[in-house]
Amino acid sequence: MAEIARPRRARRLGNIAVQVALVAVVGGLFYAAAVNAARNLAAAHIASGFGFWDNTAGFDISQTLIAYSSSTSTFGRAFWVGLLNTLLVAGIAIVLATVLGFTIGIARLSRNWLVSHLAGGYVELIRNVPLLLQLLFWYNAVLKTLPELHGSMTLPGGGFFNNRGLFLPRPQFSENFRYVLIAFLFGAIATLGLSVWARRRRDQTGERFHIRWVVLGLIVVLPALVFLSAGTPLSFRFPNLGRFNVQGGVEILPEFAALLFALSIYTAAFIAEVVRAGLLAVPQGQTEAAQALGLRPGTTLRRIVVPQAMRVIVPPLTSQYLNLIKNSSLAVAIGYPDLFQVFTGSVLFITGQAIEIVAVTMAVYLTISLCTSLLMNWYGHAVGVVER
Amino acid sequence: MSAAAGKTYLRSAPAERLPPPSARRGAIIWLRENLFSSPVNIAMTVTCVAFLAWGIPPLLRFFLFDAIWSANDREACLASPQNPDPGACWAYIRVWFSYFVYGFYPYGERWRVDLFFAALALGIAWLAWLSAPRRGIGAIYFFAVLPILSFGLLSGVPFLGLVSVPTSLWGGILVTIVVATVGIVVSLPFGILLALGRRSDIPVVKFFSITFIEFVRGVPLITVLFMASVMLPLFVPERFAPDKLVRALVGVALFASAYMAEVVRGGLASVPRGQYEAAQALGLTFWRVMGLVILPQALRVTLPNIVNTFIGLFKDTSLVFIVGIFDFLRTIEAARVDPHWATPNTSVTGYAFAAAFYFICCYGMSRYARNVETRLARAHRR
């Protein structure tokens, strides 16, 4: 970068001096911190190291995707439970936020004045209010004010909800269900093969093969037929409203629902802006040229505008996904057992080993972020426009 | 592409000739063009109108017409035979209002907080008004004088007759503003240094800058705050253990610096290379090249982004709530469960008030950023 008008040798010596000084200062700080930490921890009789990982956890977790019991499972198991809960809520929220965000981003560019301004109002309102406030609103002001257990609202189809959560029928798969899965798998593979073949033929001969109906048959009709002929190998166990609690069925915690709503609604507002910017980045001339060639509006959007817009949209979209994953740590405010809540909440409270636990938690988020950045760099190279 | 299009993608006949656009203007024409131009458009308009008609009246009723504006306790806000469906309980906000602004700051000393707000408003106005006189002095005032002045004013200087007020008594909007201000005052200079470090050709400087920036940006703010609040006391000798608020401030400042560094880096990248070369040709040293030529241009271009970062920071200050600081949101949470005001609508009212506060602040800032942007765009147009 900036070259300084000084003799080169003096500059090089100066650089070396700066580097040595910096390393010394940073190293000194780390050393002092380590010495102090060791002393303070010893004074407080807190163990160090990861020996606690295999100890019995002894606390309950309200939502577990893998088997976990407070009396036998270890802290290490609790870590995986928390991580899976984080990934579950973040994964579903990413899907919802993407759908909502794309809808609103496209609505903002609508030529209908009312539609575009409603979408704009949504974006401004949601973007300018802190996520934590929205989360508390959904949890405390909406979901916690639902009726109590005895006044549960029933849903059509045998589920119900109250202020303890949403209770849905639990599907029970009998042994024959695997034939349905096999049929579905076969349909999926056949579809893949067919679409590759259809594209190759179109590229070579220009003739188009409409696979839409064939795909519908392969993926929906075939498994459905197998399902019926295998004797409908699927039944539901309906939740039972007891006097004090609910038995059976799938339970969706209000904490999970609140976090899901807040994360997807909040992130959707940002995704909408990303999508809008991406679509606006495609020059008007592209649309006009496509129209001049006689492409229909839908085709223009699908084949001309969106592929070019995606190149602009994907990098900021990914960083919104990352933000969503990081923001899911706000779960701690309402007590959803995500990684942060389980680890820096319960585990830290029991073991007191702040350094190790905060380090592990940060390492997980950092790994997710860095992997995504690497993927993004790769994507950037793969789709980047080759400029003349 | 429909099957009817056959084997060709392309137009085979000339496009239909369209009538010239209407030169007439008026409300009806506008309506026809913007709301009722096609069947799909009409359907969308009708759906939107139906949605608004469904949503707006109950909201207005709840927050305005049926709201309880003044009362001594919760009785008025509860459903009663006279008022079977009461609206928002603004009376409770009125009663708790001073708590929301000052927290537990002693009554007799609250003029100090007001003075701090005034001094801060002066600093912000000075910097935000792009053609204000002597903006250089404004910057010195904001980044050097104001922090020292505010610290003395708020925490007290017994020597000057200002009673010291421990930070555990601070609360509400005061704390939110303090955290946000410290965030911006610290993050801008540190962000600039980190951004320069990241572009530096001294390997160690570059390495440390990149490591710090990527590390902080890769983890959630709440883990940084947690690190600051549980690990910082371990890293210093026990007698220097910092105050709870200071720990949160350290966390916020670190976090904001990393984000600011990336914003400033974007600004630096936008300054043409010729500017560096010209400044060097004049014989300026590195710091003078930066201070006199590059940074003034870079910061000006990136001012909208700095404001946007600051909006994010302002919203994120609400996270100090989780490490036990009595910021504005925390005071709302504390007041919400007050048994004297326990009604079904208390929570909603509290959250609506908080949302209005954050919305007004953040929306104001984003309008400002957009104005600066259009102004810059105008200046760049040739």
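## Burial and make-up of chain B

Of the 382 residues in chain B, 34% are buried; a residue is buried if 20 or more other C-beta atoms lie within 10 Å of its own, exposed if 12 or fewer, and partly exposed in between, with C-beta atoms placed from the backbone. This is a predicted model, in which local features need pLDDT of at least 70 and side-chain atom pairs count only at pLDDT 80 or more, while totals for chains, interfaces and linings use all residues. Residues are numbered from 1 along each chain as its sequence is written, and chains are lettered from A and ligands numbered from 1 in the order in which they are written.

Chain B has 13 helices and 0 strands; helices (H or I, at least four residues) and strands (E, at least two) are DSSP runs, numbered from the N terminus. Along its principal axes, the C-alpha trace of chain B spans about 85 × 85 × 45 Å.

## A loop residue in chain B

B:Arg134 lies in the loop between α4 (110-128) and α5 (135-155) of chain B. B:Arg134 is exposed, with 10 other C-beta atoms within 10 Å. Its phi is near 55 degrees, a positive value in a residue other than glycine. Most residues other than glycine have a negative phi.

## Chain A as a whole

Chain A contains 11 helices and 8 strands. Its radius of gyration is 28 Å, well over the 21 Å that the globule rule gives for 388 residues, so chain A is more spread out than a compact globule. Buried residues make up 28% of the 388 residues in chain A.

The mean pLDDT of chain A is 85, and 97% of its residues reach 70 or more; pLDDT is the predictor's confidence in each residue, from 0 to 100. Over residues 1-5 of chain A, pLDDT stays under 50.

Helix α3 (residues 113-127) of chain A has 15 residues and reaches 21 Å from its first C-alpha to its last, close to the 21 Å expected at 1.5 Å a residue. The expected span is 1.5 Å times one less than the number of residues. Buried in α3(A) are A:Val115, A:Leu118, A:Ala119, A:Val123 and A:Ile126. They cover an arc of only 135 degrees around the axis, which puts them on the same side of α3(A); the arc is that of the directions from the helix axis to the C-beta atoms. What covers these buried residues includes α2 (75-108) and α7 of chain A, together with α2 of chain B.

A:Gly278 is found in helix α7 (residues 254-280) of chain A. A:Gly278 is buried, with 22 other C-beta atoms within 10 Å. A:Gly278 and A:Ile313 are 35 residues apart in sequence but 5.1 Å apart in space, C-alpha to C-alpha.

## Where the chains meet

The contact takes 57 residues from chain B and 58 residues from chain A; two residues are in contact if their C-beta atoms, placed from the backbone, lie within 7 Å. On the side of chain B that touches chain A, α13(B) gives the most, with 10 residues. The residues of that side divide into 39 nonpolar, 11 polar and 7 charged. Ala, Val, Leu, Ile, Met, Phe, Trp, Tyr, Cys and Pro count as nonpolar, Asp, Glu, Lys and Arg as charged, and the others, Gly among them, as polar.

Key
Rg over C-alpha atoms; globule rule 2.2 N^0.38 Å.
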